[in-house]
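Please look over the model shown below.

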Amino acid sequence: MAATIGEQLRLAREGRGIPLREISDQTRISMHYLEAIESNDYKRLPGGIFNRSFVKAYARYVGYDEKEAVEAYTRYMRDSGEPGEDVVSTPYQSKVYTDMPATRSPLLTGVLIVVILAILTAMVLGVLRWAQRRAAAPAVTGPAVTETARGPGRGLTIIVRSDKVQRSVPDNPFNSFDFRKADYEQFLQ
């Protein structure tokens, strides 16, 4: 049995007939780093969590037990006394204990939903009412201009107010409607 994790991984790779280039292409780990792992020259690696991740990915690809590979790497680093290496053998998990449960009661959640929906509904209704009032307000900004045009047998009165024009036929009240100033100007030409 090989003494170091680098040698064990190299033997596993060679035993399966996998070239180092294939591992590099599939794991996206530089050939330089893979060679450093096989030769146990971990100073050439970026350090910290990257080293463990590279060892783990290498082991996974060659069919070696990932957890065992990371533990062997950690032991090797601890035994060799490499300075500045962040060696942690078990994952760190932080837990926060409180007296209150982490979930909200269903009743409180329902009340909050109803309140939020009521506020949103009131806002939408307010905007709609504002838009209706704005549209209904008369927009007279200047003096009205009255012109009379003659059609075939009828008199036509046109009253222009700002951007709206009122058109009416005196002898038929059902023929009155509003149209835009552009239509009025086109009518006069």
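A nonpolar surface patch of about 1,000 Å² is made by Leu107, Leu108, Val111, Leu112, Ile113, Val115, Ile116, Leu117, Ile119, Leu120 and Met123. Patches are made of residues with over 30% relative accessible area and no salt bridge, like charges being joined within 9 Å and nonpolar side chains (Val, Leu, Ile, Met, Phe, Trp, Tyr) within 5 Å. Accessible areas come from the Shrake-Rupley method with a 1.4 Å probe, and for residues only the protein chains shown count as cover. Leu107 is exposed, with a relative accessible area of 68%. Here buried means under 20% relative accessible area, exposed over 50%, and partly exposed in between (1.4 Å probe, protein chains only).

The model is predicted: local features need pLDDT of at least 70 and side-chain atom pairs count only at pLDDT 80 or more, whereas totals for chains, interfaces and linings use all residues. Residues are numbered from 1 along each chain as its sequence is written, and side-chain values use heavy atoms, with hydrogens and water left out.

Helix H1 covers residues 5–16, and its 12 residues should span 16 Å at 1.5 Å a residue. The expected span of a helix is 1.5 Å times one less than its number of residues. The end C-alpha atoms of H1 are 17 Å apart, which agrees with that expectation. Which residues of H1 are buried? They are Ile5, Gly6, Gln8, Leu9, Ala12 and Arg13. Seen down the axis of H1, the buried residues fall within an arc of 165 degrees, so they line one face of the helix; the arc is that of the directions from the helix axis to the C-beta atoms. The cover over these residues includes helix H2 (20–27), helix H3 (31–38), helix H4 (49–62) and helix H5 (66–80), where contact means heavy atoms within 4.5 Å. After H1 comes Gly17, with a positive phi near 70 degrees.

The C-alpha atoms of Ala12 and Gly63 are separated by 7.5 Å, although the two residues are 51 residues apart along the chain. Gly63 is placed in the loop between H4 and H5 and is exposed, with a relative accessible area of 58%.

For H5, 15 residues at 1.5 Å each should span 21 Å, and the end C-alpha atoms are 21 Å apart, which agrees. Buried in H5 are Ala69, Val70, Ala72, Tyr73, Thr74 and Met77, and what covers them includes H1 and H4. Just after H5, Gly81 takes a positive phi of about 65 degrees.

The charged side chains come next. Side chains of opposite charge can pair when their charged atoms come close. The structure holds five salt bridges, each being a side-chain nitrogen of Lys or Arg within 4 Å of a carboxyl oxygen of Asp or Glu. Arg10, Arg13, Glu14 and Glu38 are linked in a network of such bridges. Within it, Glu14 meets Arg10 at 3.3 Å, N to O; both residues lie in helix H1, four residues apart, about one turn of the helix. Glu14 is partly exposed at 44% relative accessible area, and Arg10 is partly exposed at 28%. Glu14 also forms a salt bridge with Arg13, the closest N and O atoms being 3.9 Å apart. Arg13 is buried, with a relative accessible area of 12%. The side chains of Arg13 and Glu38 meet in a salt bridge of 2.7 Å, N to O. Glu38 lies in helix H3 and Arg13 in helix H1, so this pair ties together parts that are 25 residues apart in sequence. Glu38 counts as buried, at 13% relative accessibility.

Two backbone angles remain. Most residues other than glycine have a negative phi. Arg28 has a positive phi, near 60 degrees, and is placed in the loop between H2 and H3. Phi of Asn40 is likewise positive, near 60 degrees, and Asn40 lies in the loop between H3 and H4. Is each of these residues buried or exposed? Arg28 counts as exposed at 73% relative accessibility, whereas Asn40 counts as buried at 13%.

Definitions and conventions:
Helices (H or I, at least four residues) and strands (E, at least two) are DSSP runs, numbered from the N terminus.
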